[in-house]
Amino acid sequence: MVSDAVRYYDDFLSERDWLAEGLNWAVVQPARVEATVDGVIQRLRARRVEPGDDQSGERADLAQIGSDVLVFQDNGCALSRPEVLRWLSDGTRVHTVEWTINGNGGLTYAVYGRVLAWMDLNDPERRHGDDPSAFADDLDDVRAAQGTGYVRSAAMAFVEWRTGVRLPAEWMSDEGADPQAGPWVTVRLGAIPSDPRPPSNFGHYEPDLDARLRAASDSVRRAALTLAVRAVTARFRFSDDDLARQAVEAVERGLTVDEETRWRIVRLTAQHGDVRVGADAVHALHTALGEGMAAVDAVGAARHALADGWPAVRQDLYRLIRHGVESGSGRS
């Protein structure tokens, strides 16, 4: 059953179809210090946009609701950057929801300069941060929305549930935040340097293994990719098993496949009750055929696809890497 809050945001998004291309909404709440529009502007190193301002740079709209501050970007993602959240949450609590046109997105919670939890918009079981369990008791609507058209509206309802703050529909125009309808202040965001970070999501979950694979020799890395994709093809049946086997052989031999074959691999389907897991299996095969370090991301896709089978494969990968290091150094 869809909750009233989910229905509210489903209507909100249905009436503003341009938001499908991207949205970033943050709620800043007081903890050690007050949450004010001026304070948030300072933390974002932003400046107010004056009439006639046509300079480049990401824009955001801010509004005060009681003791809380809303920050809204239609088609922006700056508010969910970890380094931005650390500044923004110094003395405050910050929840954000964001997505992009390609379907990626997430929910984030930061407090006292720490990003406690990030959750994949499309899979509430994919969480990381200093305390991913912070979301554990509030996921009913998000879980119920998986595989339906309510994923994004449930994510927005999740922020409302956690904060008690609703994004007012009457404050929005056909172009975004409406200064005539709501107390919005438009700013241009300043430059906050990026934190050191892994090159892909796999590095968030498995930083040591990711780094070791990227530092390994080409032969060891190719053997690791082969091991991972063989585990995937052993677990799943594909719409074209011969093509899946062909992809694994190409990975093992370090061969480049033509664009037509790559396109056929992308269009494979893996039989599984969870469409997302099946997509991860196909993504592992396709990505493993990529060039250079981009192929390492295939191991991350395999990790998600294999689920409870991953720990055994992870152990085999470490064994393979260690053997490669020992062989390369002349150790027995």
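**Pockets and one threonine in a predicted model**

Let me start with T226, which, leaving aside residues up to four places away in sequence, touches V251 and E252, where contact means heavy atoms within 4.5 Å. This is a predicted model, in which local features need pLDDT of at least 70, side-chain atom pairs count only at pLDDT 80 or more, and totals for chains, interfaces and linings use all residues. Residues are numbered from 1 along each chain as its sequence is written, and side-chain values use heavy atoms, with hydrogens and water left out.

T226 sits in helix α8, and because its relative accessibility is 6%, T226 counts as buried, a word that stands for under 20% relative accessible area with a 1.4 Å probe and protein chains only. Its side chain reaches the backbone oxygen of R222 at 2.8 Å.

Now to the pockets, meaning open sets of points on a 1 Å grid over the protein atoms alone, where a 1.4 Å probe fits and protein lies on both sides within 12 Å along at least five of seven lines, with lining residues having an atom within 4 Å of a point. The largest pocket holds about 1300 Å³ of space, and of its 36 lining residues the closest to the centre are W118, H128, S200, N201 and H204.

The second largest pocket holds about 370 Å³ and is lined by 18 residues, with A288, G290, E291, G292 and A295 nearest its centre. Which element gives the largest share of that lining? It is α8, with 4 residues.

How values were computed
Points joined across faces, edges and corners; volume = space filled by probe spheres on them. Helix = DSSP H or I, 4+ residues; strand = E, 2+ residues; numbered from the N terminus. Buried < 20%, exposed > 50% of the residue type's maximum accessible area, 1.4 Å probe, protein only. Polar contact = N/O pair within 3.5 Å; in protein donor to acceptor, adjacent residues only side chain to side chain.
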